[in-house]
Amino acid sequence: MADDSTPPETKLTRTKERWAREGRFLTGRTARPESERLPPGQHLTQDWPVLDLGVTPDIPLQRWRLDIYGAIDNPVFWDWAEFMRQPQSTVISDIHCVTTWSRYDNEWTGLTTRDLVAITQPQADAGFVVLHSYDGYTTNLTLEDFAAEDALLVHTWARKPLEAEHGGPVRLVVPHLYFWKSAKWLQGIEFLTKDAPGYWEVRGYHNRGDPWAEQRYSE
Ligand SMILES: Nc1nc2c(c(=O)[nH]1)N[C@H]1C(S)=C(S)[C@@H](COP(=O)(O)O)O[C@H]1N2
Ligand SMILES: [Mo]
């Protein structure tokens with residue numbers, strides 16, 4: 001369950017913190033999405049690696065809840081049936097992970113963040129969003145990045161229920177940023193008037209994470 005305790009360190013989280021200190025994988029090149037599909041320093045993979053803090057929360061659908069709250073006019077606290085009654089969209093997009101793998105043409109189905117914003121009505125001074133996950137993970141986005149046209153809360157991948165190892169029952173997908181911004185096992189979405197850096201953002205990773213600008217690490 002999500003709580004306020006810091007998730008445990010593992011070999012992988014320690015390695016990734018070291019990469020941030022060393023500036024690992026930075027190429028110094030830049031590329032434009034229009035001219036090249038693969039961002040600088042990335043390589044293509046056909047399979048779909050699993051990356052997380054090392055714990056896969058088990059969330060039966062009858063216990064699953066999504067809390068959406070903070071600087072919004074219409075907070076919602078959905079159970080599974082209510083969440084599934086929201087508007088449904090399907091988007092195909094590419095994944096770019098900061099550990100340098102990319103995966104093309106993933107078919108995602110769920111509630112777009114645009115529809116979510118229309119439902120919850122962020123207040124005029126709400127410029128930031130923090131995602132809270134069932135494993136204790138957090139990550140932050142500007143409201144603008146969160147509400148990107150192709151971002152969505154996903155329950156279905158390639159027409160099958162999203163597997164637990166990839167963040168099921170529900171994860172966020174924000175395709176235009178490195179994949180650490182796409183929180184798995186989503187439990188809460190908090191709208192804020194001030195930015196609040198999340199798990200990786202306070203451990204050497206970039207606050208925004210644009211793969212085309214190679215925003216891997218914080219300065
Ligand atoms: N809740 C949660 N979400 C998370 C993470 C995590 O540890 N916990 N890891 C992030 C990172 S670093 C990556 S690269 C992607 C990996 O998603 P995947 O395992 O489906 O490939 O999930 C992101 N979302
Ligand atoms: Mo990652």
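Leaving aside neighbours within four places in sequence, R103 is in contact (heavy atoms within 4.5 Å) with L44, T45, Q46, D47, W48, S93, D94, I95 and W157. This is a predicted model, in which local features need pLDDT of at least 70, side-chain atom pairs count only at pLDDT 80 or more, and totals for chains, interfaces and linings use all residues. Residues are numbered from 1 along each chain as its sequence is written, chains are lettered from A and ligands numbered from 1 in the order in which they are written, and side-chain values use heavy atoms, leaving out hydrogens and water.

**Overall build**

- The protein holds 4 helices and 11 strands. Both are DSSP runs numbered from the N terminus: helices are H or I with at least four residues, strands are E with at least two.
- For 219 residues, a compact globule would have a radius of gyration near 17 Å; the protein has 17 Å, which agrees. That radius is taken over C-alpha atoms, and the globule rule is 2.2 Å times the number of residues to the power 0.38.
- The C-alpha trace spans about 45 × 35 × 35 Å along its principal axes.
- The accessible surface comes to about 10,400 Å², and 50% of it belongs to carbon and sulfur atoms. Areas come from the Shrake-Rupley method with a 1.4 Å probe; for residues, only the protein chains shown count as cover.
- Buried residues make up 53% of the 219 residues. Buried means under 20% relative accessible area, exposed over 50%, and partly exposed in between, with a 1.4 Å probe and protein chains only.
- Among contacts with a separation of 6 or more, 71% are between residues 24 or more positions apart.

**The five-stranded sheet**

- An open sheet of 5 strands runs in the order β3-β2-β11-β6-β7, with mixed pairing. Two strands pair if DSSP finds at least two bridges between them.
- β3 (76-79) and β7 (138-142) stand at the edges with a single partner strand each, so one side of each has no neighbour in the sheet.
- The twist averages 15 degrees from one strand to the next. Axes are lines fitted to C-alpha atoms, for helices over the stretch in contact; angles run from 0 to 180 degrees between N-to-C directions.
- Strand β2 (residues 65-70) pairs with β3 in the antiparallel sense over 4 bridges. D67 has F77 in β3 as its bridge partner.
- Helix α3 (residues 113-120) lies across β2, β3 and β11 (186-192), at about 60 degrees to β11.

**Strand β6 and its partners**

- In β6, 5 of the 6 residues are buried, so the strand is largely enclosed by the rest of the structure.
- β6 and β7 run antiparallel and are joined by 5 bridges. They form a hairpin with 4 residues between them, and G136 in the turn has a positive phi of about 90 degrees.
- β6 also pairs with β11, antiparallel, over 6 bridges.
- H132 has a bridge partner in each: T138 in β7 and G188 in β11.

**Nonpolar cores**

- The largest nonpolar core has 30 residues, of which F146, L153 and I189 touch the most other members. Such a core is a set of buried Ala, Val, Leu, Ile, Met, Phe, Trp, Tyr and Cys residues joined through side-chain atoms within 4.5 Å.
- The elements giving it two or more residues are β2, β3, α3, β6 (128-133), α4 (143-146) and β11. The largest share, 3 residues, comes from β11.
- I189 is in contact with L66, D67, I68, Y69, L116, V129, V130, L131, F146 and L153, leaving aside neighbours within four places in sequence.
- A second, separate core of 12 residues includes W48, I95, V154 and V173.

**Individual residues**

- R103 is found in strand β5. R103 is buried, with a relative accessible area of 14%.
- The C-alpha atoms of R103 and W48 are separated by 7.1 Å, although the two are 55 residues apart along the chain.
- T100 lies in the loop between β4 (89-96) and β5 (101-112). T100 counts as buried at 9% relative accessibility.
- T100 is in contact with F25, G41, Q42, H43 and R216, leaving aside neighbours within four places in sequence.
- T27 sits in the loop between α1 (11-22) and β1 (43-44). T27 is partly exposed, at 32% relative accessible area.
- Not counting residues up to four places away in sequence, T27 touches P40, G41 and E214.
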